[in-house]
Every structure is written in structure tokens, then in C-alpha cells.
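Please take a moment to look over the sequence and the model, and then follow the paragraphs below from one part of the chain to the next.

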Amino acid sequence: SWERYLERRSLVLQFLHSNLSLHHLQHYQNKLELLKKCYFYLEIEPKHMNLRDQNHMRHRTDILQLIDPYQFQRMKKVGKNQTEIQLSLFTELLEQLERGREELSCYVETCDMVTFLSQWDLIMQRLSKLSKFMETLLSLQVPGKLYVKHHLVSYADLRGTRLPNIRLSFCTKMPLIFDRKESFAHKDWAKLKWFTENQESHLEQCELRFKLLTNESQTEVGYGRIQQVTSNTCVVQNLQPGRSYEFTIRRSDTHTLVFEKWHDSIILKTKTNTVE
């Protein structure tokens, strides 16, 4: 009985120190927090088609020009719902794994040999269920495919060309984050700098918003502006001295964006005079 107890206890400890280690769980928690801040887009394959015109000449056409706008909006809505469900499931699975780790640790640390062996069937069921939870969680780390239920392209637009097998999937882009060390305000202007965690070299268009923060009595109406920027820095001019401004950076909205929930913001106060 003692040998059986040591063997089975060692099996549980091995599971706790590998699959359910605190290091792994923290990694998944960080991954979840990052996914919640990411931008989710629909990716369409193929991106182009060769169509015949009235003179039977073939022309390369963007697939988005052929997709019915109404059906595409429906698919974007489905994609948004699927993304929200995926993030909710990721959150729930992670909570289940954390509770499972506490439960198994309790068996190992507090149960005597007789109690531990008597609960072995229950422990094995818990190990099996937690392993399945782990497999599902790993599959959710990468955005999946989107099932196309309806025809996205009208046959009338194809002029006899064979309809391609259109595949929709998700792709993610990292959130934009202000560089707190490189962003600062002067008397009547401010310089903002931002980056992504994976340090993307390809700069895409993004949207910089800023607004004047009003005083506590709310007697003054705040104002703001939006600037489209294709860079990772921007200088905002014509600010008021000695005032606080809130700046927000986000990726520009595109026709394939289906989900985004988080934007980074920073508050900077302009100087009252140039000596400061």
C-alpha cells in the first residue's frame, strides 16, 4: 500500500509540476490578457480571382469586389460572436485549471495514505478532465477558421467562371502601446510614440485621438481631435499650456476588422512655460 501510495502521489506531483505548473498557468494568463487586447480580422482565401469580361479577356479581380456586402457583414457579425465566445471559453478553462491545481495540491499535501488511496478513482477522473481542458485551451491560443454557411459570391458576377472555394479564418494583430519613456508634452505641443510587443516593422495606418480633460466642476467643455498616422510617432500641435490631455492610440478600422475591445491611453500635462 505504501509503495502504491508513493507511486500514485508521484504521478500527481509530476502532473502538477509539468502541465499545471504555476509557470505554465501564468503563461496562459498572460496569453489571455494579450488576446483580449488584440485586434481580430477576417482573412479571406483566395484573395483574387481571374474573371472573363464581355470580350472573354481574363482580369485579376480582388475577391472582396465579388463578395456580397450584406453576406460579408453577416459573416463579420458571426466572426465577432465566435471571437467573444472563444475568449470567454479561454477564461473559463483557465479558471478550471487553476481550481483543479488547488484541488490536486490539497490531495497531495493534506491527505494521509489511506484517504489518498481511497480517493484515487476521483483523482484520476480529475486528472483526465484537466488534461482535456488543457488540450482545448492550447487549441484556443491560435484563432481558428470561420464556417461559411451562405454563398458569399453571386453566380451572376462570375460569367461562367467556376466558383472558388472561399475560406474564412481569423488573424490577430498586436495592440498598439504607448512608449511611456519617449512620450512627453511641452508647452503647446506633445510628442507621442508607440510600439507593439512583437515590434512589427511594417507600419500600418493607425488613429491617434486626444481630448482636453476638463476641470472637476465640468463647467468647461473639453474638445478633441483625431489624426490618421502611418508611423509609430506623432507630434500634436496647438495645445494649451498647463493643461492635461488624454491620448488614445488604436489601429484604424478596416473592412475586415471583426473585434477589438482595448485601446491604450496616456495622460500628459503641458508645461506652463518654456523654462519648465
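Cysteine 111 counts as buried, because its relative accessibility is 17%, which falls under the cut-off of 20%. Cysteine 38 is likewise counted as buried, with a relative accessibility of 3%. A disulfide is a covalent bond that links the sulfur atoms of two cysteines.

With that detail in place, the chain can be viewed as a whole. The protein chain has 276 residues, of which 37% are buried, and its secondary structure comes to five helices and 14 strands. The chain exposes about 16900 Å², and carbon and sulfur atoms supply 50% of that area.

Confidence should be kept in mind while reading the model. The average pLDDT of the protein chain is 85, and 85% of the residues score at least 70. Confidence is lowest in strand β4, residues 145-146, where the mean is 70, and highest in strand β6, residues 177-178, where it reaches 95. Where pLDDT is low, the predicted coordinates should not be read in detail.

Helix α5, residues 120-139, holds methionine 134, which counts as buried because its relative accessibility is 7%. Leaving aside neighbours within four places in sequence, methionine 134 is in contact with Asn19, Leu20, Tyr28 and Leu97. The C-alpha atoms of methionine 134 and leucine 20 are separated by 8.8 Å, while the two residues are 114 residues apart along the chain.

The description now turns to strands. Strands of a sheet pair through backbone hydrogen bonds, in either a parallel or an antiparallel arrangement. An open sheet of four strands has the order β10-β9-β12-β14, and its pairing is antiparallel. The edges of this sheet are β10, residues 224-229, and β14, residues 264-269, and each has a single partner strand, so that one side of each is left without a neighbour in the sheet. From one strand to the next, the twist averages 20°.

Within this sheet, strand β9, residues 206-212, pairs with β10 in the antiparallel sense over six bridges, and arginine 209 stands opposite isoleucine 226 in β10. Strand β9 also pairs with strand β12, residues 244-251, again in the antiparallel sense, over seven bridges, and here cysteine 206 stands opposite arginine 251 in β12. Strand β9 is mostly covered, since five of its seven residues are buried.

Another antiparallel pairing joins strand β8, residues 190-195, to β11 through four bridges, and the bridge partner of leucine 192 in β11 is cysteine 234. Which residues of β11 lie on its covered face, and which on the uncovered one? Cys234 and Val236 make up the covered face, while Thr233 and Val235 make up the uncovered one.

The loop between β11, residues 233-236, and β12 is the place of asparagine 238. Most residues other than glycine have a negative phi. Asparagine 238, however, has a positive phi of about 60° although it is not a glycine, and this asparagine is exposed because its relative accessible area is 62%.

Definitions and conventions
Residues are numbered from 1 along each chain as its sequence is written. This is a predicted model: local features need pLDDT of at least 70, side-chain atom pairs count only at pLDDT 80 or more; totals for chains, interfaces and linings use all residues. Side-chain values use heavy atoms; hydrogens and water are left out. Buried means under 20% relative accessible area, exposed over 50%, partly exposed in between (1.4 Å probe, protein chains only). Helices (H or I, at least four residues) and strands (E, at least two) are DSSP runs, numbered from the N terminus. Accessible areas come from the Shrake-Rupley method with a 1.4 Å probe; for residues, only the protein chains shown count as cover. Two strands pair if DSSP finds at least two bridges between them. Axes are lines fitted to C-alpha atoms, for helices over the stretch in contact, and angles run from 0 to 180 degrees between N-to-C directions. pLDDT is the predictor's confidence in each residue, from 0 to 100. Contact means heavy atoms within 4.5 Å.
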